[in-house]
Amino acid sequence: MFNNVVLIGRLTDKPVLKTFEDGLKVCNVTLAVMRPFKNSVGEYDTDFIPVSLWYTYAINTYQYCDKGDTVCVKGRLVQKKQEINGCNYYFVEIVGERIIFLSSKNKPDIVVDSKEVNDEI
C-alpha cells in the first residue's frame with residue numbers, strides 16, 4: 001500500500017497554530033492548488049485543500065509563512081468521519097510530513113535612513 005501526496009500551492013490565510021494540553025503543536029493551513037488543465041470555459045480551476053502540519057513543521061510554518069506564500073507539501077491523505085445531526089460526513093485532508101517554503105509573496109521591505117547612509121560615506 002502507498003499513500004503519498006505532493007502539492008505545490010499558495011496559503012489562503014495566515015497559518016493557525018494550536019497547542020494541546022500535552023504540549024503537542026499542530027498548524028492548520030489551507031493550500032490553494034491550481035489544476036493543470038482548463039475547464040469548459042477555458043479557465044483553470046483551483047482546489048482548496050486542508051493541510052495539518054505537526055511538531056517542528058507546525059512551528060516553522062507558523063513563524064515563517066503568511067497568506068499568499070508558495071509552499072510544497074509532501075504528506076499523506078487521511079479521511080475523517082464526523083457525525084452531524086445523525087448524518088455521517090466524511091472529510092479528506094493532508095497530514096503534512098514535510099514542507100518546503102518556495103517563495104514569499106510579502107517580502108519585508110528594507111528601509112534605510114538616508115541620513116545614516118550619508119554619515120557613513
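**A guided tour of the predicted model**

Begin by selecting lysine 18, whose bridge partner in strand E3 is valine 26. The structure on display is a predicted model.

Next, select glycine 23. The hairpin formed by E2 and E3 has 5 residues between its strands, and in this hairpin glycine 23 adopts a positive phi near 95°.

Now display the whole of strand E3, residues 25-38. Strand E1, residues 5-11, is joined to E3 by 2 bridges, and the two strands run antiparallel. Strand E4, residues 44-54, also pairs with E3 in the antiparallel sense, here over 10 bridges.

Return to E3 and select alanine 32. Arginine 10 stands opposite alanine 32, and in E4 the bridge partner of alanine 32 is phenylalanine 48. Selecting these residues together gives a view of E3 with its partners in E1 and E4.

Threonine 70 is found in strand E5, which covers residues 70-84.

Is threonine 70 buried or exposed? Its relative accessibility is 13%, and because buried means under 20%, threonine 70 counts as buried.

To view the surroundings of threonine 70, set aside its neighbours within four places in sequence. The residues then in contact with threonine 70 are Ile8, Gly9 and Arg10, together with Ile100, Phe101, Leu102 and Ser103.

Finally, clear the selection and view the whole protein chain. The chain contains 2 helices and 6 strands, and along the sequence these follow the pattern β-β-β-β-α-β-β-α. Of its 121 residues, 26% count as buried, threonine 70 being one of the buried residues. The accessible surface of the chain comes to about 9200 Å², and carbon and sulfur atoms account for 53% of that surface. Among contacts between residues at least 6 apart in sequence, 58% join residues at least 24 apart.

Key
Residues are numbered from 1 along each chain as its sequence is written. This is a predicted model: local features need pLDDT of at least 70, side-chain atom pairs count only at pLDDT 80 or more; totals for chains, interfaces and linings use all residues. Side-chain values use heavy atoms; hydrogens and water are left out. Helices (H or I, at least four residues) and strands (E, at least two) are DSSP runs, numbered from the N terminus. Buried means under 20% relative accessible area, exposed over 50%, partly exposed in between (1.4 Å probe, protein chains only). Contact means heavy atoms within 4.5 Å. Accessible areas come from the Shrake-Rupley method with a 1.4 Å probe; for residues, only the protein chains shown count as cover. Two strands pair if DSSP finds at least two bridges between them.
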